[in-house]
Amino acid sequence: MKLEKLRERKKHSRWLEGIFSKNPVFVKGLALPFAIMITTNLKNAVALSIIFACVLIPTVLLASLTGKYLPRWLSMMVYSLFAMALVIASIPLIQPISPEIGDSLGIYIPIVAVNAVLQMLCLRYSEKNFSPTIMALTDAVTYSIGFCLALCLIAALREYFGSGTLWGISVQLPVRLSGLQVAFSGFILTAFFSAFFRFVKRFLLCLTYRRLSRHAEGTAPL
Amino acid sequence: MKLDKRPAPHIRFQDTNTTLMLDVVILLLVLCALAYLFYGLRALAVCGFSVAVAVVSDVLCSFLRGKKANVRDLSPVITGLIIALAMPATVSYYVVAAAVLFAIVVVKHPFGGTGNNVFNPAAAGFSFAAICWPLQVFMYPMPFAALDVAGTFSYKLQAFVYGDTVIKLFQNPAFVLKLGGTPTNDITEMILGNYPGPMGATNILVLLTCLIYLLFRRTIRWQLPIPYLASCAFMAFLFPRIGTNGIQSLLYEMMSGMLLFGAVFMITDPATSPKRDTSLVIYGIFTGIITMLFRYFGGFEESMSFAVLFANVFAPVIDRYNESIHRMIRRKNLEVRKAKRAQKA
Amino acid sequence: MNVIQEFLVVMLTAIVLQNAVFTRGLGANKNALTLSSPRKILLYGATLSFVTLVSSLLAWPLNNLLREKESLSEGRLHLRYLLVMVCLCAVFAILFLLTRAYLPRLHYYLRQVVFSASFNSAAVGSMLIAFSESYGFVKTLGFALGSGIGCTLAFLLVFEGKRRLALSDVPRSFRGLPIMLLYIGIFSLAVYGLIGHQLPT
């Protein structure tokens, strides 16, 4: 079996896992409320991604630094409160995008403080004798980028076909599917993207495996 | 003793999937012919287009899933015909195409295709179209209006336009009921289907004949549509939306919209309904109550398809709990019998 | 009598019409959707309902105090976020420590779900919705309890769906999370037929 080599390759891609191979929304199925509900237009998606990154990176950093000294139940409370404070601090950052962005996001802004990506990463890096802080930082950044990509993908599709605009600029379209603006299409689109990501991931894995095995056959004569 | 050497499913009936589906297709074609009488060539064009889109997308989806397309599988034809017949004759072609694509690509194939689907594809497709284009789906032309095959629906006029002529569109009696008024349509006209409504769902007499035909052919079991209609009628009689007369309310509620059409063709889909007879009865009554509740409090005037989707989720639940109740009763009976035998001994 | 009626109406609305999972997507994450038995789901739902109910019980009077202060015009909303979080943390700490000290057997089961059930988007979201709609005390409690129960019922329904889908020939890339999301999506479409208009967020 050539699984050792495959594993080695996986180790290399560990640094960028949050973007594609372990995308927090499509592959891991975390932070779904945002992917489903607020992706009705691109502005919402970008604004929420900014807040998400601003909250996730410092909180995970805090978790990896202080995780050894706190018991688990206390650490969850501390991180959640810290994240909520960061959410409040980062709200002014999204105001330039559009004046009514705060209203259109509504309760989904404070919910960033209790999202599952944050909890998962905090739990992973607050454990004793676990990997270094630099890994925590990398993961926080890549997961934020992956989250942003996922949200923008869904939001662009929903806005383009649902309301016939893109970033607020109207686009000429013969047919408008206004049903895409309703919550259920968020579920359905997320499901289809998730399936697509899984399919591509599996396909790439098979391809790599096949190439490796062929390569091994070529080099080893006996 | 006579033994059957073949492996497990010992099917004694001569009916196959194909013949069961063919029965439904024949009846839907009869309704198509009726729609042709009422609305001319455009009705046939919409039906044909819908079926074509359904079959092509079904074949493509099977291909994507790595399976061969089954020629004997008529279910995409049924889905296409049901969606087309639930629409008005003036509907634009892209609405039909979107509804059919939603039904086949989103609702049918991800759940495993024919026989595995949890939700009724036709109901889901129609619901999607109703949410996206409520004006197109719920505005109907008068029967015997001269419709052109290539005509398009225009949003602004709320009318069907081609060339210079504009055809006026009307609401179904279901909409009047939703607003709280009494429909002015004549009852005999309604029985004969001579009022604005969905293409295939207006002629009550023909729909009842279809129901009786399917029941006698045993394509569908009476345990589903009869309790369904009974519970709908019961609800309409007890809680009338119009006036004070329960009978009038009952007549109008049962005949408006797609209630009867849905009862014959939508809820009886064997893949999405429960399996046991008693669970069928429970499911029928449950669906009836849900339909009437959606009609009374829902956001759309025609909520049959939404109610079917809602009830589909509960079908496996009903089947499982009913099965466990049956088992309990059987066990009790056995114990009683054992006790009697012990007493005798 | 009136109070009870109000409570029940708001609770029913929160369970059916404004179900947290199907209409708002709150509480939908992989941890909750992949719980493996009805008993675990019930425990999860009970914890969620309890935490939401008790923390809204705590947070409502404080939020009212906050509302009366005229000087905080802009910052009121942000202080409300912090207030909700503090109340949630307090309830979580009390629940965790009390069960650890006095009910160790319950604590053993509770420990598996309590983190993800109490720091949950459904708990925070339903409280914030109730406050932004400026419900009264009874209505807030009803809404909090109703959304907890609604979440539990939704997860139970999803679990039933999973059982049904185990019999289906689902394509390989759709198995697991995607088909669950699709299932919820189509049911959400059916619920949308009942609501028919946009919800307040």
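In the predicted model described here, 38 residues of chain A are in contact with 36 residues of chain C, two residues being in contact if their C-beta atoms, placed from the backbone, lie within 7 Å. On the side of chain A that touches chain C, the elements giving two or more residues are α2 (32-37), α4 (72-94), α6 (116-126) and α8 (183-219) of chain A, where helices (H or I, at least four residues) and strands (E, at least two) are DSSP runs numbered from the N terminus. The largest share of this side, 12 residues, is contributed by α8(A). By residue class, the side of chain A that touches chain C divides into 27 nonpolar, 8 polar and 3 charged residues; Ala, Val, Leu, Ile, Met, Phe, Trp, Tyr, Cys and Pro count as nonpolar, Asp, Glu, Lys and Arg as charged, and the others, Gly among them, as polar.

Between chains B and A, 6 residues of chain B are in contact with 6 residues of chain A.

Residues are numbered from 1 along each chain as its sequence is written, while chains are lettered from A and ligands numbered from 1 in the order in which they are written. Because the model is predicted, local features need pLDDT of at least 70 and side-chain atom pairs count only at pLDDT 80 or more, whereas totals for chains, interfaces and linings use all residues.

The model scores ipTM 0.88 and pTM 0.91. For chain A, the mean pLDDT (the predictor's confidence in each residue, from 0 to 100) is 85, and 95% of its residues reach 70 or more; within this chain, confidence is lowest in helix α1 (residues 3-13), at a mean of 73, and highest in helix α3 (residues 42-66), at 91. Chain C has a mean pLDDT of 86, with 95% of its residues at 70 or more.

Chain C contains 9 helices and 0 strands. Of its 201 residues, 52% count as buried, a residue being buried if 20 or more other C-beta atoms lie within 10 Å of its own, exposed if 12 or fewer, and partly exposed in between. The radius of gyration of chain C, 18 Å, agrees with the value near 17 Å that a compact globule of 201 residues would have; this radius is taken over C-alpha atoms, and the globule rule is 2.2 Å times the number of residues to the power 0.38. Among contacts in chain C between residues at least 6 apart in sequence, 81% join residues at least 24 apart.

Not counting residues up to four places away in sequence, A:V87 touches A:I51, A:V55, A:I109, A:P110, A:V112, A:A113 and C:Y81.

A:S49, found in helix α3 of chain A, is buried, since 21 other C-beta atoms lie within 10 Å. Its contacts, leaving aside neighbours within four places in sequence, are with A:F147, A:C148 and A:L151. The C-alpha atoms of A:S49 and A:C148 are separated by 5.1 Å, although these residues are 99 residues apart along the chain.
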